[in-house]
Amino acid sequence: MGLFEKTYNPDVLTCLANLSNDEVFTPPDVVNAMLDMLPQELFTDPNTTFLDPACKTGVFLREIAKRLIKGLEKKIPDLQTRVDHIFHRQLFGIAITQLTALLSRRGVYCSKFPNSKFSVTQFDSEQGNILFSRINHTWVNGRCAFCGASRAQWDRGEELETHAYQFIHTNTPERIFNMMKFDVIISNPPYQMNNGGGLGAGAIPIYHKFIQTAKKLKPRYIAMIVPARWYSGGLGLDDFRNEMITDKHMKVLVDYLHSEECFSGVEIKGGVCYFLWDREYNGNCTIKTIDSNKVISVATRPLKEADCDVFIRYNESINILHKVQSYKEQSFARLISSTQPFGISTTYQGEKHPTNIKVYGRERKIFYGKESDITKQGEWIDKHKVLISSAYNAGDGLPHQVINKPFYSEPGSCCTATYLVVGPFSSENECENVISYMSTKFFRFMVILKKISQHAPKSVYQFVPLQDFSKPWTDEELYKKYNLTQEEVDFIESMIKPME
């Protein structure tokens, strides 16, 4: 009895530094907010089972244990008997590395070896119910068949971690715990695998695979905290995004616009979210938006809007979108080129001496090129057009600028892959009218409905309605055209800052 009370001494987990990108540790207060979403009677039932399939510090299992120890007090009065029951029969985990296995066992059992005299409960094995097995990737044509990792990057010796996570590197995850059924699967899974290109283009997401595998086990509840980038898909997440927004078992989604409010000192572009998936629920999802550590919006609505293939993040924007869509106008996206519009890479340096083709590069630096350098859309060179950056960091605070400032690209010019082309158009005046429209807060608000990261491909302009570009445009005209209320105008103004 006294052993548990003396040894269980929080809370070093609030100040642990993250070990690597796949080991973003979850603070106890975030864990408890996620546990608060669950029916609290689960913690008074001695038969409820919990699984964390991606243990890092054991914080999820530890906080669950604290609730069970209190909740089962009347049903199992003796503390040591209660602790033994909880740790042996109710709490289970799978660690992601050898190190996090030791951390997790230390955090949960108060000893990295639960068969030692220092453990608050005695197991026959040194792993207890927090398992770790070194798994190898399954290589098919140079890629792992389960996670997509590159063999060149992750085919490693026995002395190194493979980061082939056990939960998602099997076709039969139910066999890990001998066909055991779990009531709750809860976790903060690894987010991505570095495939040799750094944490940008070379990193592939894997967090969705933990969610998909958890669903295969058919628990009563799933709760996970993951990056919010899945809202708009991309990078292999399109199918997963569609699965999520059409899943009527999604009961609660808590959306953090800024990751630092969950994970101190950790920047995850686009923010993070955690959710509650309920096997018995079938309906709309309650969406809570968090900004500056406050709930700024709550709404119960479908995750998928009609004629929309992404999750619309901001609750207040739904009615604005509906008003704009009611006009059934063509999308501005039809004017936007694909990436590398002229087939010129961002590293292009051009000719030493001026030629008849001007090439706009990063930060609007001017290079000069030959006709042979242009491998795509050569007919656009002598047209009037507008250029817009293919990526722009929206920043972490409100209001956002959303996109970089567009600029005119005259006949005889083209650009590197730093930009996308808007157009082409018949005159410079028409281009200037397009720029006036793109500079409005209304335009950029419609972009932010799909743009959740720094990348701004053609697809983020899907919701922007096409206008008549024989004239310039102002926000006042657009607000009036789409019959926006003062409240809706105020919301747009609060979200989008003037174009710099």
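**Helix α3.** I listed the buried residues of α3 and got Val59, Phe60, Leu61, Arg62, Glu63, Ile64, Ala65, Arg67, Leu68 and Ile69. Buried means under 20% relative accessible area with a 1.4 Å probe, protein chains only. That is 10 of the 13 residues, so α3 is largely enclosed by the rest of the structure. Helix α3 covers residues 59-71 and reaches 18 Å from first C-alpha to last, close to the 18 Å expected at 1.5 Å a residue. The expected span is 1.5 Å times one less than the number of residues.

**Ground rules.** I kept in mind that this is a predicted model, where local features need pLDDT of at least 70 and side-chain atom pairs count only at pLDDT 80 or more, while totals for chains, interfaces and linings use all residues. Residues are numbered from 1 along each chain as its sequence is written, and side-chain values use heavy atoms, leaving out hydrogens and water.

**Helices α11 and α13.** At what angle do α11 and α13 pack? I found about 80°, with the axes 10 Å apart. The two are therefore roughly perpendicular, a label for angles of 65 to 115 degrees. The contact (heavy atoms within 4.5 Å) uses Lys441, Phe442, Phe445 and Ile448 of α11 and Phe491, Ile492, Glu493 and Met495 of α13. I sorted these by class: six nonpolar, no polar and two charged residues.

**Strand β19.** Next I checked β19 (residues 419-425), where six of the seven residues are buried. Five bridges join β19 to β16 (residues 384-389), and the two strands run antiparallel. I noted Ser389 opposite Tyr419 of β19.

Technical notes:
Helix = DSSP H or I, 4+ residues; strand = E, 2+ residues; numbered from the N terminus. Buried < 20%, exposed > 50% of the residue type's maximum accessible area, 1.4 Å probe, protein only. Axes fitted to C-alpha atoms, helices over the stretch in contact; angles between N-to-C directions. Parallel < 35°, antiparallel > 145°, perpendicular 65-115°, else oblique. Nonpolar A, V, L, I, M, F, W, Y, C, P; charged D, E, K, R; others polar. Pairing = 2+ DSSP bridges.
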